[in-house]
Amino acid sequence: MSALGNIIKKEMKELLTPATILPIVFVAIIFGSMGNVIGGLEEESQEVPVIGFIDVDNSNLSSIVTSILNDYADVVFNSSNINDKQEGLETIEREDGAVLFIIPQNFTVNIRNETPSEIEIYWIMKGAGITDAISSGAVEQLIYTINTNISRELIQENATVNATLALNPTVRNETTYFKGKEMPGLSPGAIVGMLSSQSMLIPIVMMMIIIMAGNMVISSMALEKENKTLETLLTLPVKRTSIVTGKIVASAIIGLLLSIIYMIGMSYYFQGFGMSGEANLADYGLVLTSQDLVLIGISLFITLIAALSLCMLLGTFAKNYKSAQTLTVPISMLAMVPMFITMFVDFDTLPLALKTLLFAIPFSHPMMAPRALLFNDYLLVIGGIIYVAIFAIVTISIVVWVFKTDRLLTGSIKKKRNNNLKGKLFSMRRFR
Amino acid sequence: MAAVEVKNLVKHYGSIEAVKGVSFTIDKGEIFGLIGPNGAGKTTVLRIIATLLQITSGAAKILDYDVEKQPNEIRRFISYLPEDAGAYKTLTGKAYLQFIANFFDVKKTQEMVQKGIEIADLDERINDKVDTYSKGMKRRLLVGRTLMTNPKLAILDEPTSGLDVVNAQEVRRIIKNTAKQGAAVLLSSHNMLEVEYLCDRISLIAEGKIVEEGKPDALMKKYDANNIEEVFTKVVQ
């Protein structure tokens with residue numbers, strides 16, 4: 001073999017280890033799954049929307065509206081009596097529908113009198129994720145078709161019709177029902193926009209902190225091994241629990257300091273894009289009370305402790321600083337999965353399997369907490385805190401147990417066997 | 001009561017039997033040398049006595065405290081210097097000694113640090129970061145760290161590794177003094193001259209078993225050898 005080939009073979013052998021390959025495979029799986037989810041959402045946005053309507057006017061132009069709805073939507077409720085509104089809403093919610101249209105009295109008369117006529121739209125919003133707004137796109141398309149067809153009708157009847165009216169023959173009067181709250185004047189898209197600061201800020205900050213503080217803990221363990229200080233530390237009169245707790249708490253404090261700096265920076269970033277919208281949320285009673293903020297703080301801190309104890313456990317596997325960098329990948333992935341899910345999809349609208357997965361990942365909980373608290377879902381937040389606390393206690397106990405075993409110092413058995421054989425060979429040569 | 005009492009000590013790493021029934025005792029004030037070829041099991045025995053590794057079978061007691069059952073009590077009066085030990089690079093030499101002393105008797109912290117500084121003998125460099133130290137300076141700092149706590153048992157793995165002749169002699173003198181003050185010393189070294197000079201008694205270990213034990217003079221006489229190196233070669237062959 002040539003010298004170059006020899007070096008290439010050696011380098012590849014060194015670089016191509018399970019520690020290098022597994023994180024990449026993991027990333028590929030995550031991105032593959034995300035692609036499938038996005039594909040699924042695209043299909044969903046193109047599906048025929050499930051709707052209902054009440055045509056109180058029962059007139060020439062309202063019939064254009066109802067015929068379009070019948071042609072392009074899956075109509076699960078149909079009435080001409082305004083008193084059936086509640087029944088209509090209940091039916092649509094039961095049938096997993098999206099919207100109830102009400103065509104009020106004088107719909108045609110108003111348009112004929114050159115006044116844009118109102119269409120009442122009652123949205124049943126299921127989730128506040130970005131994708132929940134995307135799924136209402138099919139309904140938006142219906143409204144566009146209705147306007148186009150009424151415009152065509154008006155122009156066919158009278159070519160000199162008022163152009164402004166012909167372009168916009170209807171106006172919307174929207175109300176959205178979401179998590180038991182009635183929000184008049186708002187569409188799902190507007191609500192998602194208003195909630196986006198909460199939807200994005202906390203998950204991004206949380207992910208950054210977990211990755212950074214986690215890296216600190218894993219590297220700290222790796223450096224103790226690499227700098228050969230661990231053996232000394234373990235023979236000092238200090239309990240294993242104190243060593244583990246000390247490392248975790250120190251990193252958690254640094255992590256929290258970093259999170260404050262990040263939160264300040266990121267909130268300015270979002271404000272710069274006009275995405276905060278907190279004043280509008282307050283108009284609808286969607287504000288976080290001081291009690292809510294305390295709960296978010298507890299959730300953040302407990303999660304940070306859980307994350308760091310998990311990192312500490314991984315850190316016990318780190319042989320040196322280089323291998324520690326590889327070990328941060330699964331933690332980063334575990335932080336990124338809930339970040340993307342909570343940013344794009346609402347917990348309530350997820351399938352049970354994904355819900356379970358999201359709940360099981362401890363990092364999800366502070367990411368979900370702000371939105372859940374805005375809608376008074378205390379059960380999810382407090383349940384999450386309890387779960388994460390148990391997770392942290394169990395993980396810390398495992399770490400302490402590992403610290404009490406030989407695992408930290410002996411590493412893999414295979415390596416020991418090689419050393420032993422080398423020693424024997426050396427001693428045979430030396431003392432023959 | 002012996003300072004160290006090891007009986008039929010066995011240690012497995014998975015299917016590998018690294019230590020195969022080792023027994024020895026060390027008295028207070030005695031320097032005991034454990035010597036043997038690489039991979040013979042010396043460091044494993046030292047690590048078990050230093051409460052770092054778990055015992056597969058057998059027993060080890062230090063001042064009547066059981067290594068398996070009472071490691072926290074034992075850690076209060078032992079001090080271990082691993083062969084390739086390091087110190088925290090971001091700390092100064094003095095801050096490192098202070099960090100270690102803080103784990104011991106609060107009243108004696110400054111006394112310990114002062115002793116550590118004296119043993120390390122790094123002059124004003126004690127205030128520099130460990131990262132800037134040479135290998136020899138680092139070793140002297142670590143010897144200072146090990147002996148400043150006045151341990152009742154000092155476990156020293158290659159204590160003079162990386163030191164020049166003058167510094168190595170100084171460290172040997174300090175080890176002798178430590179033993180004179182009543183501490184037991186368990187020492188492992190590849191330097192046979194060092195072993196001969198320092199140890200009151202030695203054990204030769206090969207492939208996890210003690211193959212010979214005795215006072216250096218007696219062993220040299222038994223094997224008709226001029227020095228311990230010759231004894232070592234003859235025993236291992």
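Glu231(A) counts as buried, since its relative accessibility is 10%, where buried means under 20% relative accessible area, exposed over 50% and partly exposed in between, with a 1.4 Å probe and protein chains only. The model is predicted, so that local features need pLDDT of at least 70 and side-chain atom pairs count only at pLDDT 80 or more, whereas totals for chains, interfaces and linings use all residues. Residues are numbered from 1 along each chain as its sequence is written, chains are lettered from A in the order in which they are written, and side-chain values use heavy atoms, with hydrogens and water left out.

Glu231(A) sits in helix H10 (residues 230-234) of chain A, helices being DSSP runs of H or I with at least four residues and strands runs of E with at least two, numbered from the N terminus. Beyond its neighbours within four places in sequence, the residues in contact with Glu231(A) include Leu409(A), Leu52(B), Tyr80(B) and Asp84(B), contact meaning heavy atoms within 4.5 Å.

Glu231(A) also forms a salt bridge with Arg47(B), that is, a side-chain nitrogen of Lys or Arg within 4 Å of a carboxyl oxygen of Asp or Glu. Because Glu231(A) lies in helix H10 of chain A and Arg47(B) in helix H1 (residues 42-49) of chain B, the pair joins two chains. Both Glu231(A) and Arg47(B) are buried.

The count over all chains comes to 15 salt bridges, among them the following.

| Salt bridge | Closest N and O atoms |
|---|---|
| Arg172(A) and Glu174(A) | 3.0 Å |
| Glu231(A) and Arg47(B) | 3.0 Å |
| Glu212(B) and Lys222(B) | 2.8 Å |

Within chain B, Glu212(B) belongs to strand S10 (residues 209-214) and Lys222(B) to helix H8 (residues 216-222), so the pair ties together parts that are 10 residues apart in sequence. Glu212(B) is buried at 10% relative accessibility, while Lys222(B) is exposed, with a relative accessible area of 56%. Salt bridges that share partners join Glu140(A), Arg172(A) and Glu174(A) into one network.

Chain B as a whole contains nine helices and 10 strands, and 55% of its 237 residues count as buried. Its radius of gyration of 18 Å agrees with the value near 18 Å for a compact globule of 237 residues, taken over C-alpha atoms with a globule rule of 2.2 Å times the number of residues to the power 0.38. Along the principal axes, the C-alpha atoms of chain B fill a box of roughly 50 × 40 × 35 Å.
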